[in-house]
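Please keep the sequence and the model in view while working through the points.

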Amino acid sequence: MKRWQVLFSVAGTVMALMLVARSLTPAVVAPKGHLRMALSSLGAAERFLPWADPGCEPFILQRVVYDFLLYSDLDTGELRPGLAERWVAEDGAKAWRFYLRKGVQFQQGYGEMTAEDVKFTFERLISKDSLASWGKPLARDLDRIEIVNPYEIVFRLKKPDVTFPANTVEVRCQVVIVSKKYVESVGEAQAAEKPVGSGPFRLVEHRRRVTARFEASVPHWRKSPGFASMTLYRVEEPAARLAMLRAGEVDVAEIPYKLLKEAEVAGFAFARSKAASVYHIHLGGMINPKNKHFNPNIPWVVNAADPSSAKRALTVRKALNLAVNKQEIVDSIFSGKGEPSIFAFLPPGSVFAPAGLKPYPYDPEQARKLLAEAGYPGGRGFPTVTARLVPFPGRAEQVDVAEAVAGYWEKNLGLKVKREVMDWPALAAKLKVRDEAGIIWAYGTIPRPLGEPLVTMMSWVHSGAMYSAIGEIPEVDRLYEAVMKEVDPEKRKLRYRDLARYIYDNYLVVPIGSVDAQYAVNPKVVDVKKWRLVPGETYIHNYEFIEPVR
């Protein structure tokens with residue numbers, strides 16, 4: 001077959017060369033001062049290897065000491081060069097060739113970053129003992145990795161995937177590049193506790209679930225930090241974080257919306273990431289009937305053995321949506337600093353969303369009629385729903401959203417809803433095996449990178465995903481895979497819209513609202529105008545862009 005190449009839409013030859021020139025190491029201004037930050041979490045397990053910690057919480061710490069193949073544009077969220085200077089699709093996007101940056105050094109004298117380190121990192125991500133949420137779909141789709149030379153590497157896939165480069169971007173959070181030499185020298189146990197990366201900071205001290213202290217690595221090839229050192233404090237209680245900021249004990253604090261007014265009155269400035277969380281309710285149990293956890297008696301679940309169940313399940317899902325006042329939730333829980341959302345994985349105004357659609361209306365009367373039509377008048381006969389209350393770093397409102405939705409269903413539909421507090425690792429373990437029948441939970445999707453939404457969907461939408469929260473639905477899988485293999489950027493937008501429209505028309509989730517992530521900042525210490533955050537990213541990041549007031 002004739003070999004051909006197609007450049008990824010955001011990595012055209014001319015643009016790539018321009019961006020490489022722009023990304024050359026800038027003139028170094030000597031860092032000064034010590035930055036202190038109070039955050040709700042420092043990660044699930046607080047381990048410094050990307051395959052040793054589940055989810056994206058590790059990003060909070062790993063992002064500090066490591067680098068990524070690609071980065072996000074701070075204005076658009078599009079892909080930009082990182083450790084890879086450019087990247088090219090081959091064989092109809094069944095292969096991706098990355099050309100690596102020369103001269104990037106690992107800390108503590110562990111040598112130059114090369115293709116060997118990239119291959120080693122990816123092979124550990126897809127290993128059987130990997131905890132990375134991207135590990136499973138990557139292992140499913142990756143055929144092999146070929147090293148051409150120290151600065152050129154090829155990823156060969158089992159099927160076309162135009163979104164592959166977007167999975168290597170920094171906001172993807174699990175593909176930091178580690179030093180093969182270091183890990184093999186000291187062993188994974190030590191490497192996970194005392195990391196050696198090529199990033200803008202190096203770890204000095206780590207007290208699990210308490211603090212992590214870092215010192216700047218200057219000069220850094222991409223962006224030298226503004227502060228000479230930095231300490232991150234794990235402070236789970238929101239009021240305590242704000243109190244530390246008011247007392248001058250920290251300079252930056254993660255603030256939930258319920259404390260926004262108090263922080264504003266106190267005179268603090270704010271750093272914000274736009275459209276950082278798209279909140280919605282997952283409806284658990286729409287899984288493969290062959291799974292031992294499948295329960296055909298869940299009202300919103302289709303039972304293939306009962307043809308009439310499809311209409312009943314759709315009617316129930318529509319009723320559940322119409323019974324919830326999304327605008328009231330945005331106004332009360334998020335202080336009106338957001339807008340009701342239409343899709344679970346796309347922020348309002350996304351170019352990948354079908355035009356003309358509006359959020360589901362709030363119509364409790366119609367919701368009651370629909371529920372009765374489905375066979376549950378006044379909620380009678382409807383099994384008890386279990387609402388999992390799951391707090392998340394940067395998304396403290398997940399608990400409040402789940403509580404609010406449970407309240408609307410009780411009030412407007414007569415349902416019985418049992419609340420259960422559960423941390424994310426416990427819920428994740430259940431989702432992996434699809435033990436989710438009859439449960440619901442609120443989740444704030446992080447829609448990054450904005451230029452390729454399938455990256456976020458990868459963990460949630462497809463039947464083969466780590467968590468598959470939308471449901472194991474053949475038509476969803478087909479539409480998802482159509483996006484993956486469409487090379488033409490404009491046609492790919494249409495495939496995205498097909499997928500979004502199907503999820504919307506079938507009421508597969510309960511969309512709530514899209515909101516920003518926010519961090520309160522002491523303006524006497526931090527120049528907040530220079531701290532730029534990637535749009536669509538909830539977790540705190542870009543520490544190296546935080547500059548002291550000079």
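1. Strand 6 and strand 8 run antiparallel and are joined by 5 bridges. Strand 8 covers residues 152–157, and within this pairing the bridge partner of Y99 is E152. Please note that the model is a predicted one.

2. Strand 6 has a further partner in strand 5, residues 84–90. These two strands are likewise antiparallel, and 6 bridges join them; E90 has A95 of strand 6 as its bridge partner. The hairpin that they form has 4 residues between the strands, and D91 there adopts a positive phi near 55°.

3. How many residues of strand 6 are buried? Of the 6 residues in this strand (95–100), 5 are buried, and the strand is thus described as mostly covered.

4. The structure contains 22 aromatic pairs.

5. Y182 counts as buried because its relative accessibility is 5%, below the 20% limit.

6. F98 and F155 also belong to one aromatic cluster together with F122 and F164.

7. Charged side chains are found over rings as well. The charged end of R86 sits over the ring of Y99, 3.9 Å from its centre. For K223, the charged end sits over the ring of F545, at 5.6 Å from the centre of that ring.

8. Is L454 buried or exposed? L454 is buried, because its relative accessible area is 1%. This residue is found in helix 14, residues 454–457. Beyond residues up to four places away in sequence, L454 touches T163, Y480, V483, M484 and Y496.

9. N303 is located in the loop between strand 13 and helix 9. With 19% relative accessibility, N303 counts as buried, because the limit is under 20%. Apart from its neighbours within four places in sequence, N303 is in contact with F294, P296 and S309.

Conventions
Residues numbered from 1 in each chain as written. Predicted model: local features only at pLDDT ≥ 70, side-chain atom pairs only at ≥ 80, totals over all residues. Heavy atoms only, no water. Buried < 20%, exposed > 50% of the residue type's maximum accessible area, 1.4 Å probe, protein only. Pairing = 2+ DSSP bridges. Contact = heavy atoms within 4.5 Å. Phe/Tyr/Trp six-rings, centres within 6.5 Å; stacked < 30°, edge-to-face > 60°. Lys NZ or Arg CZ within 6 Å of the ring centre and 35° of its normal.
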